[in-house]
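This briefing sets out the computed features of one chain, grouped by topic. Please read it beside the sequence and the coordinates.

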Amino acid sequence: ETAALAVPDADAALVVAEAAGPATLRVVLAPGTRLPLHASAAGKALIAHLPLARVEALLGAGPLPALTPQSLTDQGALTADLATLRHAGWLSERDESAPGQSAVAAPVFAGLGDPVAALTLAGPSLRLDARRIEALGPTIAAAAAALGAALGGR
């Protein structure tokens, strides 16, 4: 699958590094790609630990834009999804930012405070099914924690 590192960039997650897997059918997350905060695993990983008021300031107070039929458009549903990351250390999205594309991500903390980046693994939904995402989630969280520790974080 495709691994990527994204950093906060105003109202998006900005991909700064990508390592593509060997499969012919894969997700491309080239550096410079901007991912939506509310509909991508990387974006959600970046905002999950922010205060609710700051999340609302970044996303707006009204309904969120639907990029696909699976996109979370309700602030309450998004808030519940973000709680998943705070509990498990990682979260996923299936077909929320693009049809047929799924991802799992975890935040990278380089010190006290907000995440400085999100580590994500993305691929076609036919391979990244719920079972595989559940298996990969803890691995992504551990890799993000190791990266954060290397940067002086917790």
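Is A10 buried or exposed? With a relative accessibility of 64%, A10 counts as exposed, where exposed means over 50% relative accessible area, buried under 20% and partly exposed in between, for a 1.4 Å probe and protein chains only. The model is a predicted one, in which local features need pLDDT of at least 70 and side-chain atom pairs count only at pLDDT 80 or more, whereas totals for chains, interfaces and linings use all residues. Residues are numbered from 1 along each chain as its sequence is written, and side-chain values use heavy atoms, with hydrogens and water left out.

**Overall fold**

- The chain contains four helices and six strands, which follow the order β-β-β-α-α-α-β-β-β-α along the sequence; helices (H or I, at least four residues) and strands (E, at least two) are DSSP runs numbered from the N terminus.
- The chain has a radius of gyration of 14 Å, close to the 15 Å given by the globule rule for 154 residues, so it is as compact as a globular protein of that length; the radius is taken over C-alpha atoms, and the rule is 2.2 Å times the number of residues to the power 0.38.
- Along its principal axes, the C-alpha trace spans about 40 × 40 × 30 Å, and 44% of the 154 residues are buried.
- Of the contacts between residues at least 6 apart in sequence, 55% join residues at least 24 apart, a contact being heavy atoms within 4.5 Å.

**Nonpolar cores**

- The largest nonpolar core holds 27 residues, and L29, I47, L59 and L78 touch the most other members; such a core is a set of buried Ala, Val, Leu, Ile, Met, Phe, Trp, Tyr and Cys residues joined through side-chain atoms within 4.5 Å.
- Two or more residues of this core come from each of β1 (2–9), β2 (12–19), α1 (41–47), α2 (52–59), α3 (75–88), β5 and β6, with α1 giving the most, namely five residues.
- Apart from neighbours within four places in sequence, I47 is in contact with L37, V55, L58, L59, L78 and L82.
- There is also a second, separate core of 13 residues, which includes A106, V108, L121 and L128.
- Nonpolar side chains tend to be buried together in soluble globular proteins.

**Salt bridges**

- The structure holds seven salt bridges, each defined by a side-chain nitrogen of Lys or Arg within 4 Å of a carboxyl oxygen of Asp or Glu.
- D11 and R34 meet through their side chains in one of them, at 2.7 Å from N to O; D11 lies in the loop between β1 and β2 and R34 in strand β3 (residues 34–36), so the pair ties together parts 23 residues apart in sequence.
- Both ends of that pair are described as partly exposed, D11 with a relative accessible area of 47% and R34 at 43% relative accessibility.
- D81 forms a salt bridge with K44, the closest N and O atoms being 2.5 Å apart; because D81 lies in helix α3 and K44 in helix α1, the pair ties together parts that are 37 residues apart in sequence.
- K44 is buried, with a relative accessible area of 0%, and K44 also forms a salt bridge with E96, where the closest N and O atoms are 2.9 Å apart.
- This second pair links E96, in the loop between β4 and β5, to K44 in helix α1, 52 residues apart, and both E96 and K44 are buried.
- E1, R127 and R132 are linked in a network of salt bridges.

**Backbone and individual sites**

- A10, in the loop between β1 and β2, has a positive phi of about 55° although it is not a glycine.
- D95, in the loop between β4 (91–94) and β5, likewise has a positive phi, of about 65°, without being a glycine, and D95 counts as buried at 19% relative accessibility.
- Most residues other than glycine have a negative phi.
- Q75 is found in helix α3 and counts as buried at 14% relative accessibility; leaving out residues up to four places away in sequence, Q75 touches E56, L59, G60, A61, G62 and L64.
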